[in-house]
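Thanks for making the time this morning.

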Amino acid sequence: QVQLVESGGGLVQPGGSLRLSCAASGSIFSINAMAWYRQAPGQERDLVARISSVGNTDYADSVKGRFTISRDNAKNMVYLQMNSLSPEDTAVYYCYAAVVTARYSYMRNYWGKGTLVDVSS
C-alpha cells in the first residue's frame, strides 16, 4: 500500500502565501508523475500543477506565475508554493502520485485525503 499525506493548508489572507507538502510512503519502487489538484465547493476536481520524475512541470492557466511545484525524489515528497493567493484559490488541495510499487508491476494512481486552503480576510 501507498499513502500520500498532505500538510501546510490553512487560513491565509488575500495576497498571502502558503506552501503545501505531500509525503508519499509505503511500498514504493518508483514514482512517476506527481501533481496537485484542487476542488472548490460544488465544483469538480481540477489539475493545479504537475511534475514529471525528471522535473518537467505543467500548470493550470489560473495559477501560472503564482504557484510553483517542486519535488524531492530522495524523500518522495512534492511541494506546492502558492503566492499572491486570492479567494478564488480557496479549495481542498489533493496530492496525486503515479506509483510503481515493485519491479515489473503496473503503475497505479494514488491520492491523498486533501488539505483545505481558505483564502479570506
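Asp-61 and Lys-64 form a salt bridge, with their closest N and O atoms 3.1 Å apart, and by salt bridge I mean a side-chain nitrogen of Lys or Arg within 4 Å of a carboxyl oxygen of Asp or Glu. Asp-61 is exposed, its relative accessible area being 63%; the cut-offs I use are under 20% for buried, over 50% for exposed and partly exposed in between, with a 1.4 Å probe and protein chains only.

Before I go further, please keep in mind that this is a predicted model, in which local features need pLDDT of at least 70 and side-chain atom pairs count only at pLDDT 80 or more, while totals for chains, interfaces and linings use all residues. Residues are numbered from 1 along each chain as its sequence is written, and side-chain values use heavy atoms, with hydrogens and water left out.

The structure holds four salt bridges, and a second one to look at is that between Arg-50 and Asp-58, whose closest N and O atoms are 2.9 Å apart. Arg-50 is partly exposed, at a relative accessible area of 40%, and Asp-58 is likewise partly exposed, at 31%.

How far apart are the N and O atoms where the side chains of Asp-89 and Arg-38 meet? The distance in that salt bridge is 2.9 Å. The pair links distant parts of the chain, 51 residues apart, with Asp-89 in the loop between β8 (77-82) and β9 (91-100) and Arg-38 in strand β4 (residues 30-39). Strands here are DSSP runs of E with at least two residues, helices are runs of H or I with at least four, and both are numbered from the N terminus.

Is Asp-89 buried or exposed? Asp-89 is buried, with a relative accessible area of 1%, and Arg-38 is buried too. Leaving aside residues up to four places away in sequence, Asp-89 touches Arg-38, Arg-66, Phe-67, Ser-84, Val-117 and Val-119, where a contact means heavy atoms within 4.5 Å.

For a contrast in accessibility, turn to Val-54 in the loop between β5 (46-51) and β6 (57-59), which is exposed at a relative accessible area of 67%. The C-alpha atoms of Val-54 and Gln-3 are separated by 22 Å, and these two residues are 51 apart along the chain.

Stepping back to the whole protein chain, there are eleven strands and zero helices. Buried residues account for 40% of its 121 residues. Of the contacts between residues at least 6 apart in sequence, 56% join residues at least 24 apart.

On overall dimensions, the radius of gyration is 14 Å, which agrees with the value near 14 Å for a compact globule of 121 residues; that radius is taken over C-alpha atoms, and the globule rule is 2.2 Å times the number of residues to the power 0.38. Along the principal axes, the C-alpha atoms fill a box of roughly 50 × 25 × 25 Å.

Finally, the protein chain exposes about 6,700 Å², of which carbon and sulfur atoms supply 47%, with areas computed by the Shrake-Rupley method and a 1.4 Å probe.
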